[in-house]
Each structure stands twice: as C-alpha cells, then as structure tokens.
Amino acid sequence: MAQEFEQKTAARIGVRWSAVATMTALALGLAACAPAPPATGIQDPYEAANRKTHEFNKKLDSAFFRADSTDGSGPGPVTKTLYNVGSNLSLPGKVLNSLLQGRPEPAVKNTFRFFINSTIGLGGIFDPAGTDFSLPETDTDFGETLHVWGVGEGNYQELPVFGPSTTRDTVGMVVDFVIDPLGALPDKERIAAGALRFGGNVAKRNMYGTTVDSILYDSADSYAQSRLLYLQNRRYELNGEEATDANAYDPYEDLLPQ
C-alpha cells in the first residue's frame, strides 16, 4: 500500500511538473512577444446563451451565497479567516504565473508571503506578511500570463458557477488548475486544500456582498452591468494596458473592509 501510494504521488508530481516545464518552455519561446493589443468595446457574440447562464448563476447565488446581512457590520471572524486561508493557498500558483510572465519580483514577494503566513500566520489564518512585513499579495493568474504572451482577450463569456470571464481567462482558468503546485499533494491534503480555497472564494463573495447584491439584484439589467464591470476591472488589473477607455477604472477599489 505504501509503495502504491508513493508511486501515485510520484506520478502526480511528474505530470504536474511536466506541465510546468512545458509552460516554462513556451514562456521562454514567447519571451520576445509584446503583450496583447489593447481590447476595445465588448465582444459578446454569445449573448443569448450567456444571459441564460447568467440567470442560472443568479438563482444559484440567491439560493446559496447571497449576503444575508445588511447591517453594514462587515465580515465576521470566520469569513475573514476563510478568506485569509484561501488566499494563502492560492499563492503558489501565483508565484508560478509570475515566473512564467518573466516577473521575478512579485514571485519572490509572494513566495516570502506564503512561507511567513503559512508558519507565523498559522497556515494563513493571520496575515503577518501584510501587517508586519509589508508584503501585500500580488494577484495574478494564467489569464494574465496569456495576456503577457500576446494572447488577445477574446469574446466575453459567462460560465456556470464561475461567472463572468473571457475566452482568454477561461483557458487560463483551466491551465491554472492543471499546473497548480498544490495539485501534487497527496489526495487527502489536496482535497482539504481545495475545500479551503473554495471556502475562501465563498468568503470573498460575502466580503463583497453588498456590492455584488446591488449589481445582481438592484440593476435594471444585471447581465449588462456585471459584464461591464467585469471587463473594466479585468482590464484595469492588467496594469492598465488594456484600459483604453478614459473612463475605465477599478470598480472594486477600496470596497474590501479593512
């Protein structure tokens, strides 16, 4: 049994690192490529299907995730803990993506942040890296990696459960799952890590609760509103490189409670 377990673990690690090696080789081959050209307007040829998915997501959100508190008191300690732990577990993948983008500085900072919060911060429950060592998280994903490699934004999409996306970000989401370093963990640890990361995403929904509720349930056209805000926010996240609209901004700036 022990030998079989070791063989399965080694095989899983081999597959993951084979994927990482392939991505790294591709990154080196595309290193001379310029970032994708600025995206303009909204490309939504599948709007009819996207709207049906949006309605499904709204029903799912209303049934399971809609904020149930409107007293303005902010997230409680359980929500903050889940958010912190989930965010901490996402850091190894962000380190890898920063390296694939040829950006060593955020990779180093996120690496130190992960080790500090995983040890002193008790597995990410607390955030001493941010509060005591001035190491804020640098957010990134494989969708941004594709952008750096010159891949265009593509069409707007709304995915079941996952929500707003684009062609590029959907591909990036799949690749992030495949190359996630935590995927090489043994089964029990991998499942636990996945559950905690899911809990972190639910906590994030709760922390943005009032804003998300206003978009989904108070807008005259929640689909058009969420599409616009997603594209504005995503283009802003990519260092403003695609924010060609003079009115583009980060619609979620300063929304998270301190």
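**Exercise 1.** Find which residues Thr 79 touches, leaving out those up to four places away in sequence, and decide whether Thr 79 is buried or exposed in this predicted model.

*Solution.* 
- Step 1. Not counting residues up to four places away in sequence, Thr 79 touches Ala 203, Asn 206 and Met 207.
- Step 2. Thr 79 lies in helix H3, which covers residues 77–89.
- Step 3. The relative accessible area of Thr 79 is 16%. Buried means under 20%, so Thr 79 is buried.

**Exercise 2.** List the buried residues of helix H10 (residues 209–217), and state how they are placed around the axis.

*Solution.* 
- Step 1. The buried residues of H10 are Gly 209, Val 212, Asp 213, Ile 215 and Leu 216.
- Step 2. Around the axis these residues cover an arc of only 165°, so they are on the same side of H10.
- Step 3. A general rule is of use here: an α-helix has 3.6 residues a turn, so residues three or four places apart point the same way.
- Step 4. The cover over the buried residues of H10 includes helix H2 (47–64), helix H9 (187–207) and helix H11 (222–237).

**Exercise 3.** Name the residues of the largest nonpolar core and find which helix supplies the largest share.

*Solution.* 
- Step 1. Eight residues form the largest nonpolar core: Leu 96, Leu 100, Phe 142, Leu 146, Val 148, Trp 149, Val 175 and Ile 179.
- Step 2. At least two residues of this core come from each of helix H4 (91–100), helix H7 (142–148) and H8.
- Step 3. H7 gives the largest share, three residues.

**Exercise 4.** Identify the residues of the nonpolar surface patch of about 420 Å², then describe Met 173 and Val 161.

*Solution.* 
- Step 1. The patch is made by Phe 56, Val 161, Phe 162 and Met 173.
- Step 2. Met 173 belongs to helix H8 (residues 167–179). With a relative accessible area of 33%, Met 173 is partly exposed.
- Step 3. Val 161 sits in the loop between strand S1 (156–159) and strand S2 (163–166). Its relative accessible area is 57%, so Val 161 is exposed.

**Exercise 5.** Give the phi values of Val 161 and Ser 134, and locate Ser 134.

*Solution.* 
- Step 1. Most residues other than glycine have a negative phi.
- Step 2. Val 161 is not a glycine, yet its phi is positive, near 75°.
- Step 3. Ser 134, also not a glycine, has a positive phi of about 55°.
- Step 4. Ser 134 is in the loop between helix H6 (128–131) and H7, and is exposed, with a relative accessible area of 59%.

Notes
Residues are numbered from 1 along each chain as its sequence is written. This is a predicted model: local features need pLDDT of at least 70, side-chain atom pairs count only at pLDDT 80 or more; totals for chains, interfaces and linings use all residues. Side-chain values use heavy atoms; hydrogens and water are left out. Helices (H or I, at least four residues) and strands (E, at least two) are DSSP runs, numbered from the N terminus. Buried means under 20% relative accessible area, exposed over 50%, partly exposed in between (1.4 Å probe, protein chains only). Contact means heavy atoms within 4.5 Å. Patches are made of residues with over 30% relative accessible area and no salt bridge: like charges are joined within 9 Å, nonpolar side chains (Val, Leu, Ile, Met, Phe, Trp, Tyr) within 5 Å. Accessible areas come from the Shrake-Rupley method with a 1.4 Å probe; for residues, only the protein chains shown count as cover. A salt bridge is a side-chain nitrogen of Lys or Arg within 4 Å of a carboxyl oxygen of Asp or Glu. The arc is that of the directions from the helix axis to the C-beta atoms. A nonpolar core is a set of buried Ala, Val, Leu, Ile, Met, Phe, Trp, Tyr and Cys residues joined through side-chain atoms within 4.5 Å.
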